[in-house]
Amino acid sequence: MTYGRIRDELAAARGDLKARFEAGESVVELVHARSRLIDELLIKLWHEHVPDCDAALVAVGGYGRGELHPASDVDVLILLPESISSACEESLSSFVTCLWDVGLEIGHSVRTVEECSQKASADLTIATTLMEARLLVGPDVLFAGMLEVIEPEHMWPSPVFFEEKHKEQIARHHRYHDTAYNLEPNVKGSPGGLRDIQMIGWVAKRHFGAATLAELVAHEFLTPVQLQRLEKGEHFLWRIRFALHVLTGRREDRLLFDYQTRLAEMLGYEDASYTLAVEQMMQRYYRTVMDLSRLNEMLLQQFEEAILMDPNTPAEPLNERFEVKNGFLQTIDEQVFERDPSAMLELFLLLQDNPELRGVSAYTVGSIKRHLHLVDDEFRQNPRNHRLFLSILRASEGVTHELRRMNLYGVLGLYIPAFGRIVGRMQYDLFHAYTVDQHTLFVVSNLRRFALHRFDDEFPHCSEVMQSLEKPEIAYLSGLFHDIAKGRGGDHSELGAVDAEAFCLEHGLSEPEAQTVAWLVRHHLLLSTTAQKKDLGEPDVINEFSELVGDSTRLDYLYVLTVADVRGTDPKLWNSWKAQLFRDLYELAKRALRRGLENPFEGEQLVSEKQEKARAYLDTAGVSTDDTTSVWQLFNDNYFMRYRSSEVAWHTEWLADSDTNRDIGLVDVRPRRTGDGVEAVLFTPITKRTFAHVTAVLDELGMTIMDARIVPLDNGNSIDTYVFMESDKVVDIDEARINKILRALTGILNASDDKVAEVTRVITRQARMFTTPTRVNFRSSTSTDQTVFELVTADRPGLLSRVGQVFIEQGINIASAKIMTIGERAEDVFYISDLSGYALTESALHQLADALRDRLDNN
């Protein structure tokens, strides 16, 4: 048979497997069918190329288990006798070449039994691969000899094997940030993935000699129900992996955004009223790997107890329901939860009270799973359980850890049914890095870190505020409920507030406390959106925000909840600029509330206070009063309202040192003094209208712009400032980088034409998967004669520059830009006016909206 014909037959076989998969045939049969197909081909080619040789052909790894997905590597071992003829060597070489020629992705090794022994003794991965060996063709005696030398009595005895494989799993989980809930998980390697199931099989094979997971039932390490869960989870992941290989045409184990939507369609999911097909598929994926993670933890712990610990160690009673054995908490018998269902909550409280415990015994974890049906309405209405749950929240240690454990064991989602509905729920965007339940627990974790003195160095101000709160459990409850209504349709904040208030009242919180939690859930986005989308230099903004918050205590809770929430959405999105904005709003509102809502801030008072503080900075820097007075003659009240006193001092000192060059325009760039990132200031003629140019240059340099303010002065010039950061989140920016930015911005002022630089950076792979139609909204500013323009559109390189060019074409001046990127979506706010400084007319608004949609959606 010619190689071309074999390649054609393999292609036809792949097409047949694909058609059978799409027709709904069992993936288990298909995975084994491909393995059998490859068996037949390799045996046939072996007989053709290696007719007279005492070597053996052995399938190893996944192929050794008889499991091959469409693009899986075909791993084989050519097992040699101690000596072979040169003719045999040539025939083996011809055989391997043939395998590549027919188009197989072959992973092969050629070893004698002695070499297998040496390699496997030195490398646990090789030993594990050989443990799964399966003879395809060749001498049985040779194959048996290889199996003999890798037995536990010769190498890697069961205790050592277990410990080392467990370390491997821990290291692998670390590579995936110890969570199965990444937006683009790896079906094979992520926690709860296929490798975790294989891990159980390897340990079982090494310790018991079990060839299959089913044999663990006979050894009483698995119940039939647990075996069913393992197999069901494995088969679901096989179906995902098989589909990935079919979809991509290659060995691909990552559930990338590029594939998720098409994969959901391939697997038969359909969009529902409030949930996309892809979100349904991913929720099932996350729930599956969560269950597999729980089984993996339980079984490995069971192995640890059997392999590394003394099973005859006497248990030490803890109370009449629980005892401690080998450092693990366990029930005194199987009927504890049946007799007293509340013990399922008491268990977590005992772990908090006894931090020296290593965890929960595998036996008790299994018992919890078997008794979850007891967490019913009667359980949820039991006052003792209410007290236990609040005690868990109020504990001095282990709050987050035990909430996570409650979620992992399935208790939390049953005790709070609304929480159960968000377990594994993903949001198909680039903003939310975790599923809703994991994000929620990260928020509570962040709040806990604010409350504990040992983490004071991380967020000193948040820690100070959090530790001043009389009832921190109010913050934890608001964190637990803030997103609990996601995916129901309607406003999740409003729906969640109703759930939160009912839960709090049922658990014995006072009515004011329950109302505070409900208010925090209802308004958990208030501080974030106000700080990032509104001009904090406007007194009306601060007064309106303060009036809505109402009192200082509620402001304290809202502040720590907001920081915890934003940090828990995606750690990569948190930065010192957001921290500064949130703190600015918090402190301005705090002052307004101290003054009393009946005495709102006035602009003149704010200007006077900022000038006083700025003079103090300038006196320390050695800037004379005359120089300060001279520079401040350039400024107006609008300028002082828009900048912090520290920024006023910087601009003043800079302009005082540059008085001879002001006519041609000036630029200064420096690292931000209060955190990561860079800030630039330009003193330039208003007619220069540099926004489109500056944003293009910064974008091309790889910067993400966080804030832009263009403040017209009374002498025909303007102060333009920008805050920006490296797009790849590099925190330290050296002098060479600052100078490069300075040269690029100076080039804008010196340019002889108005041509805007082209942005050549390309959109990211992930962002390409989303389509965000451009939406525009206009409203009047509350305290200035400006139009507030809100833009929602797809984020992309050069976006701000394109917007700036439209402003130039439409005769529009920018007063400020509040830049907010939410994953793949830009939600920017611009304060704009016409060239005379007035708010835009109705016709101008329509022209601007049409021009922006045309520029952004059609280019």
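Colleague: What should I know about the model before we start?

Modeller: The model is predicted, so local features need pLDDT of at least 70 and side-chain atom pairs count only at pLDDT 80 or more, while totals for chains, interfaces and linings use all residues. Residues are numbered from 1 along each chain as its sequence is written, and side-chain values use heavy atoms, with hydrogens and water left out.

Colleague: How many salt bridges does the structure hold?

Modeller: It holds 50, where a salt bridge is a side-chain nitrogen of Lys or Arg within 4 Å of a carboxyl oxygen of Asp or Glu.

Colleague: Which residue does arginine 709 pair with?

Modeller: Arginine 709 forms a salt bridge with glutamate 647, with the closest N and O atoms 3.1 Å apart. Arginine 709 lies in strand E11 and glutamate 647 in helix H34, so the pair ties together parts that are 62 residues apart in sequence; helices (H or I, at least four residues) and strands (E, at least two) are DSSP runs, numbered from the N terminus.

Colleague: Are those two buried or exposed?

Modeller: Both arginine 709 and glutamate 647 are buried, meaning under 20% relative accessible area, with exposed over 50% and partly exposed in between (1.4 Å probe, protein chains only).

Colleague: Switching topic, where is asparagine 636?

Modeller: Asparagine 636 sits in the loop between helix H32 (625-632) and helix H33 (637-642), and is buried at a relative accessible area of 13%.

Colleague: And what is asparagine 636 in contact with, leaving aside neighbours within four places in sequence?

Modeller: Asparagine 636 is then in contact (heavy atoms within 4.5 Å) with Val711, Pro712, Leu713 and Asp714.
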